[in-house]
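The sequence and structure are shown first.

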Amino acid sequence: MHSDTRLYPTAFNPLLITPSRPLPKKIAVVGAGTIGPDIGYYLKSALPESTLYLVDVVEAPLKAAEKRLFGYAQKAVEKKKMTPEQARAVCANIVYTLDYNQIKDCELIIEAATEAVSLKQRIFAAIEERVKETAIITSNTSSIPADRLFLHMKHPERATVTHFFAPAWRSLPVEVIRWERVSPEVLDYLFWFFAKTGKSPILTADAICFVLDRIFDNWCNEAAYLLNTASAGQIDRVAEEFVFAGPFFVLNMANGNPIIIETNTLQMEEGTHYLPAPILTSVDHWKTHRPGTEVRMSETVLQQVRDRLLGILFSQSFDIIDRRIGTMEDVNFGCQVALGFRKGPLDIMKDLGEETVTRIMERFRTERPGFPQPKKPVSAYQDFRRYILIDEQDGVQILTLRRPQALNALNDEILDELLSVLRMGSENPSVEGFILTGYGTGAFSAGADIGKFPQMLGDKTASMQYAKDCAKIQRFLDGMEKPVVAALNGPALGGGLELAIRCHAIVALKNARLQFPEITLGILPGIGGCVVPYRKWPQGAAVFNDMILSGRALLASDAAGIGVVDHIADTYPEMIKTAVQMARTLKGAIRRIPDAPVDMPEIRIPEPPAAGKLPLSNEAVAIAAKTIREGAACSSLAQALEKGYEGFGEIACTQAAKEGISAFLEKRKPSFQQ
Ligand code: COA
């Protein structure tokens, strides 16, 4: 990330920040309406030891909130996302209260009351009267700028906006607003805090509606204006090319018309073109369909609606970027993770090309005069990295893979970006080496993007080529002069582990795990996974066999026992510090992967083959075992890697691969036949 150090002065990867205070033990959420309890559930799930005070002025929403939280926890247990003990801890120590005095010892207070400035200001006064001067106070407003909200506070430096998205317990992003009076210490802490508790915070400037509601509210408002051209169902259908659910479907679900009226009225301070569509005041519920339903319309209507929806989407994106309300990276990322866009607005522009985007914006200028137009050539809005954050410490670049919505799974774009960043850094004399880590607390990387697999299954040549193409980053790592140290912040699975083991050293958090789960998908690790570990750490051969043929997970400490992991860190800062030191000492001393064939212990295939309780495919396991054996016998690394790609091509044509991949994508257990 390079585009705005004004918004991100300290670190792009929030976990690189050294927090000035510990995690809070007592937290309050004020407002038990729609989103407050969901924020509370997220906080308690992330910090089960803490005490949560859920405050309201009437009893009924508190009772409903208690029921809702129990329901969430129960569902989490049913879905095996939590153990019953964890669920009990989440629901314990929650005080549902009408009494503000109870929150006096809270270290973090999040206001989630109705969207009205005067009411919120009264709440902040009530909170400030009771809590310590050091307590952090935030508002979940989606639209009101911080300088208005916190106008009368005695200590505004400890206050800002932290804006969640529905459902707040699951949705990853939180907008954290950087306004002129908030202290850098509080801002840094909150940015770190949200990442530490599993969210993906993004910083925005203090503008009306910040980044993401500016896009969402205008998208909906424009859809309402389009009702004189097409029906709600037709507009939703056109929108579904870009979003998982159309604007009217979402407005129905969220009872959102009053919100759009309110937020767009607020935006009218920037011009009358933001006027809310009058029809929003007279309709309660829109006549539309479930996403995916076929809806007929003429080509002219389709193009008209499509151009206008894209016009508003692009106009708002350009404006946010030009006014530095948010970065290109975050506009693109946030729309996908918070608003259900299939691709970010800047991705859509990239696909359409400059000429089409310019045509759409020209048409939009004529149809909707006054709305922002781009201030730079359209191509300038492509000059950013979508997935790799770059920070720097002691001459070492810390590269963070940011795709938390898929546990940092590796798609073609991430790999291309990573390769280009490594190439650039390799040529830059001021860069001594690199750390490679994953964003957040969920995973280092959950492997290759499984969503891509169905396209090549059944085609041996295409599958081999896919493995080879993915491997270009690994081949580059093999030849690098500057060291790359993998810092495993969480599980390194499949393709993620194949990336980590090609780095020149590995540091891992103590709870990280290393795993090749491919065989449970009916495939094998084809990007070096069946070959490289045996050559780098021959003493671990029996363990690797077990990992590849039965999907066994290896704890970081066990991986350290066989030399795969070089250092186990207790904390994130220790992991990064050690990795930086290691990168500096490895300079000029990188050990290359040996070429010589490997003596393999006999490969024992359990009968019947299984991964824990999951029966595996005999055919797939046999192909994986053959690949390991043949790879080990090769007299050069290059030949051995070829065997790995071949093995992947072969296994991709089995019934097991088809079943395993379909099962993952359909979120069910696979049932292997042969
Ligand atoms: N490719 C694409 N998407 C992936 C992915 C991968 N390798 N791994 C995880 N994801 C996605 C999930 O589909 C899910 O997306 P959704 O929220 O849109 O449904 C999201 O990441 C979160 O994963 P989820 O499975 O809901 O999290 P979990 O905590 O229940 O389980 C794992 C975590 C890692 C056990 C599970 O995601 C998994 O088994 N992933 C595949 C690992 C694998 O086989 N990797 C090897 C591939 S080569």
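A backbone N or O atom of A448 lies 2.9 Å from a nitrogen atom of the ligand. The model is predicted, and the distances and areas below are computed from it.

**Ligand surroundings**

- The ligand is surrounded by 16 residues, and the closest are K81, A446, A448, I450 and K667.
- By class, this shell comprises 10 nonpolar, 2 polar and 4 charged residues.
- K667 contributes through its side chain: one of its polar side-chain atoms lies 2.6 Å from an oxygen atom of the ligand.
- The ligand taken alone exposes 860 Å², of which the protein buries 63%.

**The open sheet**

- Strands of a sheet pair through backbone hydrogen bonds, in either a parallel or an antiparallel sense.
- Here, 3 strands form an open sheet with mixed pairing, in the order β13-β15-β16.
- The edges are β13 (492-493) and β16 (554-555), each of which pairs on one side only.
- Strand β15, residues 513-515, pairs with β16 in the antiparallel sense over 2 bridges.
- Across the two strands, L514 stands opposite L554 in β16.

Note on methods: Residues are numbered from 1 along each chain as its sequence is written. This is a predicted model: local features need pLDDT of at least 70, side-chain atom pairs count only at pLDDT 80 or more; totals for chains, interfaces and linings use all residues. Side-chain values use heavy atoms; hydrogens and water are left out. A residue is near a molecule or strand if one of its heavy atoms lies within 4 Å of it. A polar contact is a pair of N or O atoms within 3.5 Å; within protein, one must be able to donate a hydrogen and the other to accept it, and residues adjacent in sequence count only if both atoms are side-chain atoms. Accessible areas come from the Shrake-Rupley method with a 1.4 Å probe; for residues, only the protein chains shown count as cover. Ala, Val, Leu, Ile, Met, Phe, Trp, Tyr, Cys and Pro count as nonpolar, Asp, Glu, Lys and Arg as charged, and the others, Gly among them, as polar. Two strands pair if DSSP finds at least two bridges between them. Helices (H or I, at least four residues) and strands (E, at least two) are DSSP runs, numbered from the N terminus.
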